Amino acid sequence: MASIFAGVTTSHVPAIGAALDNGKSTDAYWQPLFAGYEFSKRWIAEAKPDAIILVYNDHASAFSLDLIPTFAIGCAAEFPIADEGWGPRAVPPVTGHPELAWHIAASLILDEFDMTIVNKMEVDHGLTVPLSLMFGQPAAWPCPVIPLAVNVVQYPPPSGHRCYMLGKAIRRAVESFAAPLRVAIFGTGGMSHQLQGPRAGLINSEFDRNFLDRFVHEPRQAAGIPHIEYVREAGSESIELVMWLIARGALDDVVREVHRFYHVPASNTAVGHLILENTTTQGTKKP
Ligand code: DHB
Ligand code: FE
């Protein structure tokens, strides 16, 4: 049986990818940010997941206002890197896990979560920046990645509660896969930020820190936060935090918090990062 042994949540600011790609990670502005991921890189190098389910949002790279899937799962064998305006990032292409992805898609749909199945898709900073933060700059990503894209760009995004329940269904799906894979789930985006309008640049550290606590210890309560509260308190793009709730739903109610990092600013965004281990599934280290 496959199992989900841990969750990783992190912001996905595109400038973080550009800083790494252009050799600026030791600059005074960026060094404190990358320092917050040093532990994480060691942790994941030891944990060696067999596969990652990476929950992220597409930023008008693969989808557009022509086609807006609420929840989409990537079932392809490979996902090329999207060109977001400056050429594709010079990072390895993302290798998928079609067998597990199709299993999860089937299980979710029969479990009444009507996923969009995607067989061809380019992936943008929402997916590649979290991989870079966790793995650095390898010649190839060390394990297959199943992209799970969520619409948080065009109203209405899914509710936090729906995302949390999807996480629980993902866990059921993974646990009904016969091969004994150790799977990590990433929830990306957030924390407070607003990229447009009169409130552009808004950061609310008090909201963010409180969200981190509730997310870890009272996830059901965090899942009940209405959209308007994110937008009002933490800026329009903080709505990306609903994606973290998918990862949280796939974990135990009581988790082990092994790492927390919070840093302001990175571009226009407050960066939050957690590593949470399940307490009921086997340990993190690969046997
Ligand atoms: C920024 C943050 C995002 O989440 C994003 O998708 C694009 C830009 C930023 O802070 O610049
Ligand atoms: Fe974003």
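Analyst: Pro265 belongs to strand β9 (residues 255–266); helices (H or I, at least four residues) and strands (E, at least two) are DSSP runs, numbered from the N terminus. The peptide bond that leads from Val264 to Pro265 is cis, with omega near 0°. The model is predicted: local features need pLDDT of at least 70 and side-chain atom pairs pLDDT 80 or more, while totals for chains, interfaces and linings use all residues. Residues are numbered from 1 along each chain as its sequence is written, chains are lettered from A and ligands numbered from 1 in the order written, and side-chain values use heavy atoms, without hydrogens or water.

Ala266, Ser267, Asn268 and Thr269 are among the residues around ligand 1 (a heavy atom within 4 Å). His12, Val13, Pro14, His59, His125, His193, Leu195 and Glu240 also belong to this shell. By class, the shell has 4 nonpolar, 7 polar and 1 charged residues; Ala, Val, Leu, Ile, Met, Phe, Trp, Tyr, Cys and Pro count as nonpolar, Asp, Glu, Lys and Arg as charged, and the others, Gly among them, as polar.

A polar backbone atom of Asn268 lies 3.0 Å from an oxygen atom of the ligand. The protein covers 89% of the 300 Å² of accessible area that ligand 1 has on its own, by the Shrake-Rupley method with a 1.4 Å probe.

Ligand 1 sits in the largest pocket, as more than half of its atoms lie within 2 Å of the pocket's grid points. A pocket is an open set of points on a 1 Å grid over the protein atoms alone, where a 1.4 Å probe fits and protein lies on both sides within 12 Å along at least five of seven lines; lining residues have an atom within 4 Å of a point. Its volume, the space filled by probe spheres set on the points, is about 820 Å³. The lining comprises 37 residues, of which Pro14, His59, His125, Leu195 and Glu240 lie nearest the centre.

Definitions and conventions. Polar contact = N/O pair within 3.5 Å; in protein donor to acceptor, adjacent residues only side chain to side chain.
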